[in-house]
Amino acid sequence: MEASVRAQNIFKSFQSGKTKVEALNDISFEVEKGELFGLIGPDGAGKTTLFRIFTTLMIANKGNAWVDGLKVVSQYREIRKRVGYMPGRFSLYQDLTVEENLSFFATLFDTTLEENYDLVKDIYIQIEPFKKRRAGALSGGMKQKLALSCALIHKPSVLFLDEPTTGVDAVSRQEFWELLRNLQLQGITIVVSTPYMDEASLCDRVALMQAGKILDLDTPSGITRKFSKTLWSASSNDMYQLMNDLKADERVNTCYPFGQYHHITFKGLNQEIQSIEKMLAEKGHVDLTIQKTEPTIEDCFMELMNQ
Amino acid sequence: MSMEAAISVSDLTKRFGDFTAVDGITFDVKKGEIFGFLGANGAGKTTAMRMLCGLSLPTSGQANVAGFDLYKEPEKIKKNIGYMSQKFSLYGDLTIRENNRFYGGIYGLTDQQIKEKTQFMLEHLHLEDQADTLVRALPLGWKQKLSFSVSMIHDPKIVFLDEPTGGVDPITRREFWSMIYEAAHSGTTVFVTTHYMDEAEYCDRVSIMVDGKIEAMDSPSALSKQYNAKGMEEVFVQLARKAIRSDN
């Protein structure tokens, strides 16, 4: 079966003052039809550059890319008819109303809101009460829903979403991912980027990206299975002191705060935990807990960054 | 008003026309505390924070920040607080040294003080080699750490951090929190907003705003217990789902 999205040895660099920035450094991957694929990484990973290459807004220095089997350089016109793109920055017409924005984008693609109404219905009903309001006067959440409706209006076969949940609170993020799952059920391939590592587990497969490179690409469980060490979580009455005491111990390999716990790995393969507990008790820690824990995508990302 | 309070807020309200953005919030932040100020988008966090920084006058209510009255002494408040956000960064076309000179100058530091502060900062951040590098050429993680240091150049009593770690890689995010701990340890009060719920766990206390009101306020562990939740993410979702106001 043909991949829905495909990148082959993509390189892209930018000149920033005197320095050359390698935004994408030999990126290759494929996204299958109907897949919900995540590009996970911090700012500067190259996520946006990759989106711009796939949506034919930018040309790579080297390498090839395809969307729906079409080449991004020679067949860009055909690709533009088939992709939906929601950039990270709100880019609809601020001085057109909700309704006018939708009909503008519908006209561009020679369609109407009604024609593919099933696809956008769930999202559109939430902004319909504001259809006479100028887009610039909408709240952030409503802008996002309008942008998504506009990106879907021509029933694209592939949807590119650049950091749709950045700066969005935990509740709205959950709701947005539910929307994505529903869109996926309608057969749309979705490529979504996010700096939030916990969202990786909501994707079918993810590419972990950092500084223009893919650190790993797999299913979320495939990635966490590859964590090379036994991971422990620890807590005590004084978490700050616990961090300092653990970091100062030469048996400790890594120690990172992780919500209510610190996540620890040890240098030795089979670190005997009683001696660590004893050391911490001697340093005055009370209510000490240390137990084995399952690594998350974020633990794996940090391990890959350190390699 | 307790002597130990760095921030003391009573029934603080801000209305825009018939819209009540901040609806009678009351809380104290202790000196040296790391206070997490959470809420859904549109809950009123930014409006409240702007008032506390002396940038916007309340409609009603009282507040004392760093020992100064919000109505009578907003300029003194500004001198005694630091502010940093994900968006507000340093000047990209100035070097690290020049940014320090600029911000040190704004806060009225002497040349000698600026020199000492800059030296200390460069050593502390291991950026000695980069002192004359343009800030825009630094990686984002460094920019954020530097931006935090510069916001503290005048030894403020309180530092306000508005989503300081947005978009930053997971290791730098944790290094950033080490800096927050250090600052709090040396007596600076830290007032911080974040959308990362794991970071909420690092705070001494958090408040959660819903529709302009503070709906919950306690230590993360006490809140988890009270809401029978596994952690702050669950507490937050339980509370924020109740919001009528939708905005993000």
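Residues are numbered from 1 along each chain as its sequence is written, and chains are lettered from A in the order in which they are written. Because the model is predicted, local features need pLDDT of at least 70 and side-chain atom pairs count only at pLDDT 80 or more, while totals for chains, interfaces and linings use all residues; side-chain values use heavy atoms, with hydrogens and water left out.

Let's begin between the chains.

What about charges? The rule finds 3 salt bridges across this interface, a salt bridge being a side-chain nitrogen of Lys or Arg within 4 Å of a carboxyl oxygen of Asp or Glu. Arg241(B) forms a salt bridge with Glu175(A), and their closest N and O atoms are 3.5 Å apart. Helices (H or I, at least four residues) and strands (E, at least two) are DSSP runs, numbered from the N terminus.

Now for an open sheet of 4 strands in chain A, in the order β12-β13-β11-β14, with antiparallel pairing; two strands pair if DSSP finds at least two bridges between them. β12 and β14 (289-292) of chain A stand at the edges with a single partner strand each, so one side of each has no neighbour in the sheet. Strand β11 (residues 232-235) of chain A is joined to β14(A) by 4 bridges, and Trp232(A) stands opposite Lys292(A) in β14(A). Packed on the sheet is α8(A), which touches β11, β12 and β13 (261-266) of chain A. α10(A) packs on the sheet too, touching β12 and β13 of chain A.

Elsewhere in chain A, strands β1 (residues 5-16) and β4 (residues 62-67) pair in the antiparallel sense over 5 bridges. Arg6(A) has Trp66(A) in β4(A) as its bridge partner, and Trp66(A) also stands opposite Lys71(A) in β5(A). The hairpin of β4(A) and β5(A) has 2 residues between the strands, and there Asp68(A) takes a positive phi near 55°.

Definitions and conventions. Contact = heavy atoms within 4.5 Å. Axes fitted to C-alpha atoms, helices over the stretch in contact; angles between N-to-C directions.
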